[in-house]
Amino acid sequence: MPETTGASYASAGVDIEAGDRAVELMKEWVKKTQRAEVAGLGGLGGFAGLFDASALKRYERPLLASATDGVGTKVDIARQMGVYDTIGHDLVAMVMDDIVVCGAEPLFMTDYICVGKVHPERVAAIVKGIAEGCVLAGCALVGGETAEHPGLLGPDDFDVAGAGTGVVEHDRLLGADRIRTGDAVIAMASSGLHSNGYSLVRHVVFDRAGMTLDQRVDELGRTLGEELLEPTKIYSLDCLALTRTTDVHAFSHITGGGLAANLARVIPDGLHATVDRSTWAPGAIFDLVGKAGQVERLELEKTLNMGVGMMAVVPAEFVDAALTTLADRGVESWVAGEITERGAHTTGAELVGDYAT
């Protein structure tokens, strides 16, 4: 028989009180991300985040850079493990490390968290990770949205997305037009898989290899779940430091599509980037995925970062300064390749040789 009582938002599965509690819990974390340009301008809970654009007056011709992204199916690993305070870190990395590629300073970010059911502590943990990531990227978290979608998502299901804005002086804009023959390609080590290729990784380790998240893997030195949840490294401030100490020509954020395809995005027509695999050894997780799934090397390289999360293209005379700057900041880096004239049968970027062991 049909229900005789009146319908309500709560009976439809949306808990407004839980959402309000989540906002209260996340406020302390959002405060930690404040920059001078957002201090005292409204606060969490308003309809829009505010940023004092008068800070841009010091620029001659400021260009705003924007990016948006998510973390893909890595959220399912977090859900299965019940660990929610690192996935936000991944989100900031995916957004702000795209922004810094053009030389832009990250300014502010907003987030969108979609859940099947609001668990206030869980939502607050996600925001905690986003806030901690914003601190590492040097940007402010000025707002966001938590949406509850009962009936579309299960009670424990969730997804995250974010958008960010940065600024760069017009004559400091980095990119393909700056790259020259003889430039060096510097690789910066990734912290692991980062946040790409998890559909392949999950298929291999769970469906094909029958592994479990709590399974300890000697080659990894920890459980599979701990490895898969390793946060994406945030390079934003490291890249900005390079722009101050060297004449950087371009950056490339190594995400979906792999190293060669992402590097090719910043290589101009007529030039070619050659990256030598023998200059580094990918971490154990890449070997595990390759062997467990019998994944061919080229397929791995089209999907995963293979141990390199960011690349910088710099003039040869600035290599030592670049490596020193990164080492001083605790970033493992090395010269991985060079820029040459493009031949008749070459593309924008390619990997050559065999990986070091």
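Strand 2, helix 4 (residues 120-137) and strand 3 come together as a right-handed β-α-β unit. Keep in mind that this is a predicted model. Besides that unit, here's a quick look at how helix 2 packs with helix 5, and at where L220 sits in its loop.

- Strand 2 covers residues 105-115 and strand 3 covers residues 140-148; the two pair in the parallel sense, with eight bridges between them.
- If you want a spot to look at, find I113, which has T146 of strand 3 opposite.

**Helix 2 against helix 5**
- Two packed helices are described by the angle between their axes and the distance between those axes.
- Here, helix 2 (residues 74-81) and helix 5 (residues 198-208) pack at about 50°, and their axes lie 8 Å apart.
- On the helix 2 side, the contact involves K74, D76, I77 and Q80; on the helix 5 side, Y198, R202 and F206.
- Sorted by type, the residues of this contact come out as three nonpolar, three charged and one polar.

**L220 in its loop**
- L220 belongs to the loop that links strand 6 (216-217) and strand 7 (222-223).
- With a relative accessible area of 13%, L220 comes in under the 20% cut-off, so L220 is buried.
- Leaving out residues up to four places away in sequence, L220 touches E227, A284, I285 and L288.
- Take I285: this residue is 65 residues from L220 along the chain, yet their C-alpha atoms are 6.8 Å apart.

Key: Residues numbered from 1 in each chain as written. Predicted model: local features only at pLDDT ≥ 70, side-chain atom pairs only at ≥ 80, totals over all residues. Heavy atoms only, no water. Axes fitted to C-alpha atoms, helices over the stretch in contact; angles between N-to-C directions. Helix = DSSP H or I, 4+ residues; strand = E, 2+ residues; numbered from the N terminus. Contact = heavy atoms within 4.5 Å. Nonpolar A, V, L, I, M, F, W, Y, C, P; charged D, E, K, R; others polar. Pairing = 2+ DSSP bridges. Right-handed = clockwise from strand over helix to strand, strands pointing away. Buried < 20%, exposed > 50% of the residue type's maximum accessible area, 1.4 Å probe, protein only.
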